[in-house]
Amino acid sequence: MNGPRKSDRLVVPEKPANKAGQPAAEAVEGRSLAGGNADQQNVHWTQRQGSTPSALDRVREAARRNKGAKFTALLHHITVDRLRTAFEALEPKAAAGVDGVTWGQYHEGVDEKLVDLHARLHRGAYRAKPTRRAYIPKEGGKERALGIAALEDKIVQRAVTEVMNAIYETDFLGFSYGFRPGRSQHDALDALAAAVVRKRVNWVLDADIRGYFDAIDHGWLMKFVEHRIADGRILRLIQKWLSAGVMEQGRWMESREGTPQGATVSPLLANIYLHYVLDLWVQQWRKRSARGEVIIVRYADDFIVGFQHRDDAEQFRLELTARLRQFKLELHPDKTRLIEFGRFAAQRRVEKGKTKPETFDFLGFTHICGHRRSGEFMLVRHTSQKRMRRRLHEIREEIYGRRHAPVHEQGKWLGQVMRGYFQYHAVPTNSRALSVFRTQIERHWLHALRRRGQRDRTTWRRMKSLSERWLPPVQILHPWPDGRFLDNTSGKSPVR
């Protein structure tokens, strides 16, 4: 195949994405592709609790049995009940799209509105609205463009994504983790750690695709989707979303490429694009071209590839660049690096008169070649300094904005923020970074309290008392990644 993949931003604790469902981390080496149509509506929810399979279960099974099957009748799975479930899953406090309709406004008379939306969908009268462009800050003072969909578009996109996931979750490979049901960032981190420790990894390609979500080619994307979906009504819905355009400062702009970041359907479409462009190609390349072992872990457009041999790594990077170029993509020149890494990296670099091994960042953690007291190799992970600085800056600004609130309210809010931060970052070997983060929070809180008025004399002793009462202690909340990865893969991981 030639080609053919809310309100207060600090009140809500940080947490890893994709927590829906049970963890389902799979082998770093991937899994084989699974390979009809179901034409009945979902059975009643009480039946789904028993042995009677739902219509989507039958779609999923058909997709698993026949990887070449094309599904010609899918729109009938978009029922009023599925639209209602999609609506109830939306964030009530999320920003409104170009229509200005909020979740609360739509909730008034929602049953009648969903019946009407369902009717428009099935008679072809539904029209996608342009996404409203907004910007959020990125590292280095830059901004990331987000697309905020209209509320009805969010509802339909979520329902269609659920139906499409029944097919594509049987196709996607095991090393793909981003924006998939039952898979989290920590599943990807665990898989990477297990591979680095257990496989012959001596070189690491830290890869990033430049402006990926904005560079996806619509023509290729629709070709990829058509490999599995032949329902013209679903295909037209996807095409409507892609071509609806963008509204910015009252001006409409055409969208000829890319999927709007922030739209519910975008992560799935982005995964489909890279499934065909990257994942299947990597799976074939390491079987046909690699001399040694090759491992890969991908989360959205960020991926890490490990190699046993340097010549494999260099050849892979060269061919990967050409492969991506065929589909209008390119590696980011400043964020893509090949480094010596692994259990023998430190010794080899000493022999060459070089300093300690380089590090790489992945999903908010800096990965470091370390060793235990016994001298045995150990993968060390610390919170990325850039991520920590950015988060501390955000919290500092918010603390100063809340400094005149009652102290117990400040403490309650800060404790919530820190528990959310620890929930993601409290991994083994990261205690020191967590302690630094907690100390900096104490300093920012103290400075904010001292600026409530000229007579405020909050001391460090008083600060320590407040800290002990309201801020969580530093403690590791995650198990060692190697063990959790093997538990989640039922001991069947090829990295064993």
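Which residues of helix α18 are buried? Before selecting them, note that this is a predicted model, in which local features need pLDDT of at least 70 and side-chain atom pairs count only at pLDDT 80 or more, while totals for chains, interfaces and linings use all residues. Residues are numbered from 1 along each chain as its sequence is written, and side-chain values use heavy atoms, with hydrogens and water left out.

**Helix α18**

Select residues 481-488, which make up helix α18, and then pick out P481, D482, R484, F485 and L486, the buried residues of this helix. Buried here means under 20% relative accessible area, with exposed being over 50% and partly exposed in between, for a 1.4 Å probe and protein chains only. Helices (H or I, at least four residues) and strands (E, at least two) are DSSP runs numbered from the N terminus.

**The open sheet**

Next, show the 4 strands that form an open sheet with mixed pairing, in the order β2-β1-β4-β5. At its edges stand β2 (143-148) and β5 (251-253), each of which has a single partner strand, so one side of each is left without a neighbour in the sheet. Neighbouring strands are turned by 40 degrees against each other on average, direction ignored, where the axes are lines fitted to C-alpha atoms. Two strands pair if DSSP finds at least two bridges between them, and β1 (residues 131-137) is joined to β2 by 6 bridges, the two running antiparallel. To see one of these bridges, select Y135 together with its partner A145 in β2.

**Aromatic rings**

The structure holds 18 aromatic pairs, counting rings of Phe, Tyr and Trp (its six-membered ring) whose centres lie within 6.5 Å; planes under 30 degrees apart count as stacked, over 60 as edge-to-face and the rest as tilted. Select F224 and Y276, whose ring centres are 5.2 Å apart with planes at 20 degrees, so the pair is stacked. Because F224 lies in helix α9 (residues 218-226) and Y276 in helix α11 (residues 266-288), the pair ties together parts that are 52 residues apart in sequence.

**Charges over rings**

Finally, select W220 with K223, which lies over the ring face at 4.7 Å from the centre, and then W480 with R372, whose charged end sits over the ring, 5.5 Å from its centre. A charge sits over a ring if NZ of Lys or CZ of Arg is within 6 Å of the ring centre and within 35 degrees of the ring normal.

How values were computed:
Axes fitted to C-alpha atoms, helices over the stretch in contact; angles between N-to-C directions.
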